[in-house]
Amino acid sequence: MSTPNKNDRFVIGVDFGTTFTSVAFAHTTSPEEVKLVQTWPNGGIGNASADQVPTEVHYTNPITRAKIWGYETSTINKGASSLDPLKWFKLLLQDRPTAPIGMRSAAYSHKGKGRASSSSFEGFFGGLGISSSLGLSTTFTPPTYTPAQKTALKLQQANISPVTVVTDFLSAVRETTVASIERTYDPTWVRENKKEYVLTVPAIWSDAAKSLMVQAAQDAGFGTHRVDFSLISEPEAAASHTLKAIQPNNLNCGDTFIICDAGGGTVDLISYKIVGLDPLQIDESVSGSGDMCGSVFLDERFEEYIRRVLGDRVIDGMKPRSRNEMFRTWEEKVKYKFGNISNHEGFEITVAGVPDDESKNVEDGFHTIPSGEVKKIFDPIVDCIVKLVKQQVTDVHRKGEKVAAILLVGGFGSSEYLCRQLQIANYGTGGPIQVLQPTNARTAIARGALLRGLDGSIVNNRRSRLNYGCISSTFYQPGKGWDAHKYWESSDDKYLVDGHLNWYITRNQVIEGEESTSIPFYRMVPVPLVPGHQPWLMFTDELLACDLDDAPDFKWKNPGSIYRICTLSSDLSGIPLRKFTKCTNSMGVQYYRIDFELQISRVDEVMKFELLFDGESRGEVSAKMVVG
């Protein structure tokens, strides 16, 4: 093959999923030749399951981090808790803020005196619960003890962080991908070409989780963020593949589509309005939404069902291989087929070694699970997804737009039962809404990530899912009910009111491209009494967030709704003191008034921060993401 020019490269889309991961790749000289990695260690080749690899890791030596992964974990003698592979570890990158924000620090904003805040975080799964009734619950609450929590406990015992196991898994995926490409093309030519990766992340992930994903990808050998690899939200990747797949006959300018990406752990939804067809261009119509209601929770509900029917003693007494076979037949013969076939008599589940018992529908090593019981397993989770879709439809209609279709993608998105329930749902629009399941729904996310790398983003404008801002003080105004929160500030010789929230990006606000927002601040720093001594010019500020549509203007009005995103550390000690304004208060005490800006921008699904003084960049500001 000829020597590639500097713009030629391989583009690789990586859909890092909760339960399965898939990879699509193509070369820029032949972008239509999309290929999927199917050469997973210990996996099959040429069938649908080969397009994905289980997102599982087992450390054979936790100290050296020697491991087996993906399909290789099926070779271990599972059953003992110490041998079960690590699963769902992707979810451990996510966090959920819970604790209230403190009130005071030493920063000033131009609207008042800025006061950085603090909070604590707990793991997402800390507040989950499950019904303890004898039968299956009819409403969905994620289980109290999930494989993610089991993984977290094992990692803690092995002194391995969640981001480390993600790194180890992604490293193995990358190495297998490169080897697969070298099997497809001339290895020497492959090594001469640049490789550009596009990795997907859930749209509902926090900025902290995305930051950890960047760290894991860099440590896994994907290169430098924004140079060798980038991130894309899973719904945007789905839109890139799906909307192009149904062009040109089914798209019109002005149409609004809802993308429902139903995966293993999370379900992400987002609405896009088509604003251009050649080339295809879309805008976010309303802010996205989502929840933890993916297909893995069907597995948890099945286990709850089978334990209720056969008893804990029987299930725990099964040989590991038999129990694994039971869950395999559940997934392959029931979970993936329910809704595709009419089976009024029920579905057979392998329960090798369990004695025949007519009362428990067990005969010859098989348990027959009635269709009605399968429906009970599915319905609470499916109802949760339908509710999310209904809310998206309502939000779109409030804008005066009409939903042309719902596009269902992802592993769970290939479920015929889920598709049918969305088709018959009442959306309050006077009629049904078309629900489309595009071809290659299971690998749509990886294919869409690949298209993003080849063609660039088709999304013009995005919408913020959160309000972003800083806490500060503002000048006291009589008669506004602020008296309980006022205090005297000697450097300003004025009464100020604490807890004022300055929202610089609001929920649902359109974010055009990589638009930046500057946050103005000033600080009053005492002039040192000893000549020649330097003032303290190391500052910290905190970026806060709120997910309410109507965010409060003061923290004390709704303290539970405000949480910390990250801490910003800035160093202004390199700026000459003559650049600062000297002020003297009524007591004759001198201060430096230091005016500066913190510029916030969202680039490639990640927050970026920069310090500006006199309108010029004065260096980077580190963003310490709060993850626990």
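These legends walk through several close-up views of one predicted protein model.

**View 1. The whole chain at a glance.** Residues are numbered from 1 along each chain as its sequence is written. In this predicted model, local features need pLDDT of at least 70 and side-chain atom pairs count only at pLDDT 80 or more, while totals for chains, interfaces and linings use all residues, and side-chain values use heavy atoms, with hydrogens and water left out. The protein chain has 11 helices and 33 strands (DSSP runs, H or I of at least four residues for helices and E of at least two for strands, numbered from the N terminus). Of its 628 residues, 54% count as buried (under 20% relative accessible area, with exposed being over 50% and partly exposed in between; 1.4 Å probe, protein chains only).

**View 2. The largest nonpolar core.** A nonpolar core is a set of buried Ala, Val, Leu, Ile, Met, Phe, Trp, Tyr and Cys residues joined through side-chain atoms within 4.5 Å. The largest one here holds 99 residues, and Leu-170, Leu-199 and Phe-378 touch the most other members. Helix H9 (residues 371–398) gives the most to this core, 12 residues. Apart from this core lies another, of 29 residues, including Phe-539 and Leu-598.

**View 3. Around Leu-199.** Which residues is Leu-199 in contact with, leaving aside neighbours within four places in sequence? Among them are Val-14, Leu-170, Met-213, Phe-222 and Ile-232; contact means heavy atoms within 4.5 Å.

**View 4. Helix H8 and its cover.** The 16 residues of helix H8 (residues 320–335) should span 22 Å at 1.5 Å a residue, and the end C-alpha atoms are 21 Å apart, which agrees; the expected span is 1.5 Å times one less than the number of residues. Buried residues in H8 include Arg-323, Met-326 and Trp-330. Their cover includes helix H6 (296–310), helix H7 (312–317), strand S16 (347–350) and H9.

**View 5. Asp-379 in helix H9.** Asp-379 lies in H9 and is buried, with a relative accessible area of 16%. Its side chain makes a polar contact with the side chain of Lys-375 (2.6 Å); such a contact is a pair of N or O atoms within 3.5 Å, and within protein one must be able to donate a hydrogen and the other to accept it, with residues adjacent in sequence counting only if both atoms are side-chain atoms.

**View 6. Where to read with care.** The chain averages a pLDDT of 85, pLDDT being the predictor's confidence in each residue, from 0 to 100. Over residues 96–134, pLDDT stays under 50. Where pLDDT is low, the predicted coordinates should not be read in detail.
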